[in-house]
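Visitor: Hi! I'm new to this one, could you walk me through it?
Guide: Happy to, let's bring it up.

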Amino acid sequence: MIYLFFAAATAFMFVAIAGNFVIPLLSYLKFGQTVRQDGPKRHLKKMGTPTMGGIMIIPAIIITAVIFSGINKASNLAVIATTGFGLVGFLDDYIKVVKKRSLGLRASQKILMQLVLAIILTLYAYMIYPGDSQVYIPFFEKAVDLGLFYIPFNVFIILGVVNSVNLTDGLDGLVSGIMLIISFFYTLIGLFFGIHEILFFSAAISGATLGFLLYNHYPAKVFMGDTGSLGLGGALAFLALSTKTQFYLLFFGFILVVETLSVIIQVLYFRATGKRIFKMAPLHHHFELCGLSEVKVVLLFWIIALISCFIGYYIFNLSFS
């Protein structure tokens, strides 16, 4: 247990110290955030706040995990997932802030890159765990073998997780806090299964996101950008993939699922009727436009994430008792 604390503390210190150098550098390079004009008006004051803070988070997670769990097949999978999607996010951020193209990568380009990465990750996982195409389903102790359906299923899960984290990243400290909560519970799952790679990797995520919150809490001094949100999405996808708990993401990632569904529902309903169900999607912006302060929305979503993770972990223990 003491090593888990050291792992989390290492990642925390990495980000906490790096922030003193990286944030001024991002400001000097004018890597500032672009704010949507159709969003909450209070967000306009965030224009120009340094972004791409994910360049502090991703290295902290990877370096810490490798130091404490070593280099092996599982840690390689973690590195590919986190770094790969982080690089896609970095490219997207780079185009936005340096090339001054507000939308960054075209949707088709981003989806194609993510799809290729998801397929690579799934095939690599299938290769290092030969013949293991099982997943755990809540309330059932025995895993279910998906057979060949395992590959498209995991590709879908990876893409869904990565993009849901990305969509949720819209308020100061929101994703940082949510990922801190989720990764803590995945540390408990790692303890249950005795998987060292999961233990130290999830502990590193907890430490890195807590360190980032020093600078990302309201009012944020830096945003993680797509570099951070996509990278963290890849990290979460790895945790689910490696523990066979993809279906448990309905609980551990409940708030991420709700945020994603709000966007899907908004788009489909608008196309069908020309009207909107929510004042703005993702859902956190709807609550803001209803009058809740940004801090209250973030705290509300953190509490929901904490409760849903408790429920998920309770069901997990119930299933294996």
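Visitor: Where does Y248 lie?
Guide: Y248 is in the loop between helix 8 (225–243) and helix 9 (249–252); helices are DSSP runs of H or I with at least four residues, numbered from the N terminus. This is a predicted model, where local features need pLDDT of at least 70, side-chain atom pairs count only at pLDDT 80 or more, and totals for chains, interfaces and linings use all residues. Residues are numbered from 1 along each chain as its sequence is written, and side-chain values use heavy atoms, leaving out hydrogens and water.

Visitor: Is Y248 buried or exposed?
Guide: Y248 counts as buried because its relative accessibility is 0%; buried means under 20% relative accessible area, with a 1.4 Å probe and protein chains only.

Visitor: And what does Y248 touch?
Guide: Leaving aside residues up to four places away in sequence, its contacts include Y136, P138, F316 and F320; contact means heavy atoms within 4.5 Å. The C-alpha atoms of Y248 and F316 are separated by 8.0 Å, though the two are 68 residues apart along the chain.

Visitor: New topic: how does helix 2 pass helix 7?
Guide: In a right-handed crossing, meaning that the near helix is turned clockwise from the far one by less than a right angle.

Visitor: Which residues make that contact?
Guide: Among them are A60, T64 and F68 of helix 2, with F200, A204 and A208 of helix 7.

Note on methods: Helix = DSSP H or I, 4+ residues; strand = E, 2+ residues; numbered from the N terminus. Buried < 20%, exposed > 50% of the residue type's maximum accessible area, 1.4 Å probe, protein only.
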